[in-house]
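Trainee: I would like to learn how to read a fold and its helix packing. Please take me through an example.

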Amino acid sequence: MKPIVAGVAGTVLLAGSIFVGTIVSDKISVESNAGKDEKTVQTQIPTTAAAQSLVYAPPSIEEVPDGPMKEAILYGYELVNNTHVAADEYVGNQLSCTSCHAGAGYDEQASSLVGVMANYPQYIGRSGDVVTIEERINGCMVRSMNGKKFEMNSDELEAMVAYFAYISEGVPIGAKREWAGTSDMKNVPIPDVANGEELYGQSCIACHAADGSGTGANTGPALWGDNSFNDGAGMARISKMAGYIQNNMPVGAAGTLTDQDAADLAAFILSQDRPEWANHDKDWPKGGRPNDIMNKEKREQIKNGTIDWEKVLSTN
């Protein structure tokens with residue numbers, strides 16, 4: 001697949017060359033605000049690109065043109081859609097990218113990845129640096145997939161970048177992707193874990209099972225336990241989980257849950273045991289670590305009734 005390397009690298013380098021000038025000039029000001037939460041902070045981009053009115057019209061995966069990139073794009077689609085199978089040696093649970101980004105990122109209503117290349121390079125406070133799309137993918141691999149990173153010159157990583165570049169055609173660097181949405185609840189109400197458990201039993205077990213083990217990576221992913229994401233993933237934050245639940249659940253009726261119900265469900269789900277992230281101490285190296293990361297200590301506090309929800313939610 002070495003001819004593919006040049007094509008993928010060319011795409012990434014082109015994006016980087018357009019963006020690098022603003023990254024250098026803005027990095028200092030961005031870093032001063034980076035630690036406020038895990039939310040990424042993008043550098044300044046030309047007004048014309050940011051203000052463009054974009055239409056959601058990604059190229060079809062059924063119509064990838066023939067040529068040296070086709071094989072990589074199709075392989076990248078498979079890796080995104082069935083990560084735990086197509087990249088099983090790198091994945092430590094039973095999730096795929098589609099578990100959160102429905103339809104391999106094509107679904108306009110569920111954390112769409114269409115146009116994602118337009119957002120990278122990007123400053124991420126959790127990393128404390130500007131990261132590339134490759135680094136962002138690997139971040140998901142070790143956190144959401146509870147696995148290990150791809151080698152930088154691996155066929156897998158190159159194919160995923162090729163796929164993301166393909167579904168980002170026509171979306172200029174820095175453009176605002178209205179369809180991407182955000183899995184973030186700005187003002188999370190104090191959760192009622194018991195109510196969250198009741199709601200889960202009423203509405204969630206059909207897809208995610210009573211014990212949270214799920215029914216399939218792309219039909220009902222595991223929400224806790226060994227086959228779910230670890231507590232270093234973004235979804236292990238109350239604000240992120242509550243926002244995702246409200247924006248995407250239940251399937252077919254997204255947006256119908258109140259803030260309170262979404263928060264209650266998030267708290268119940270994140271109170272359950274899950275794999276532990278070994279590098280919490282290395283996250284947010286420039287300060288501003290958010291309080292709502294539901295690590296083992298906070299899970300224990302929920303169980304023994306000592307958690308201080310006002311403190312947990314104080315930085316959201």
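Trainee: Which pattern does the protein follow, read along the sequence?

Mentor: This is a predicted model. Along the sequence the order is α-α-α-α-β-β-α-α-α-α-α-α-α-α, with twelve helices and two strands in the protein. Of its 316 residues, 50% are buried.

Trainee: What describes two packed helices?

Mentor: Two packed helices are described by the angle between their axes and the distance between those axes. Here, helix H3 (residues 70–81) packs on helix H6 (residues 155–166) at about 100°, and the axes are 7 Å apart. Angles of 65 to 115 degrees count as roughly perpendicular, so H3 is roughly perpendicular to H6.

Trainee: Which classes of residue make up the contact of H3 with H6?

Mentor: The contact has twelve nonpolar, one polar and two charged residues. Among them are Tyr 77 in H3 and Tyr 163 in H6.

Trainee: How many aromatic pairs does a search of the whole structure find?

Mentor: The search finds eight. Tyr 77, Tyr 106, Tyr 163 and Phe 164 form one aromatic cluster.

Trainee: Is Tyr 163 buried or exposed?

Mentor: Buried means under 20% relative accessible area. Tyr 163 has 0% and therefore counts as buried, whereas Tyr 77, with 23%, is partly exposed.

How values were computed: Residues numbered from 1 in each chain as written. Predicted model: local features only at pLDDT ≥ 70, side-chain atom pairs only at ≥ 80, totals over all residues. Heavy atoms only, no water. Helix = DSSP H or I, 4+ residues; strand = E, 2+ residues; numbered from the N terminus. Buried < 20%, exposed > 50% of the residue type's maximum accessible area, 1.4 Å probe, protein only. Axes fitted to C-alpha atoms, helices over the stretch in contact; angles between N-to-C directions. Parallel < 35°, antiparallel > 145°, perpendicular 65-115°, else oblique. Contact = heavy atoms within 4.5 Å. Nonpolar A, V, L, I, M, F, W, Y, C, P; charged D, E, K, R; others polar. Phe/Tyr/Trp six-rings, centres within 6.5 Å; stacked < 30°, edge-to-face > 60°.
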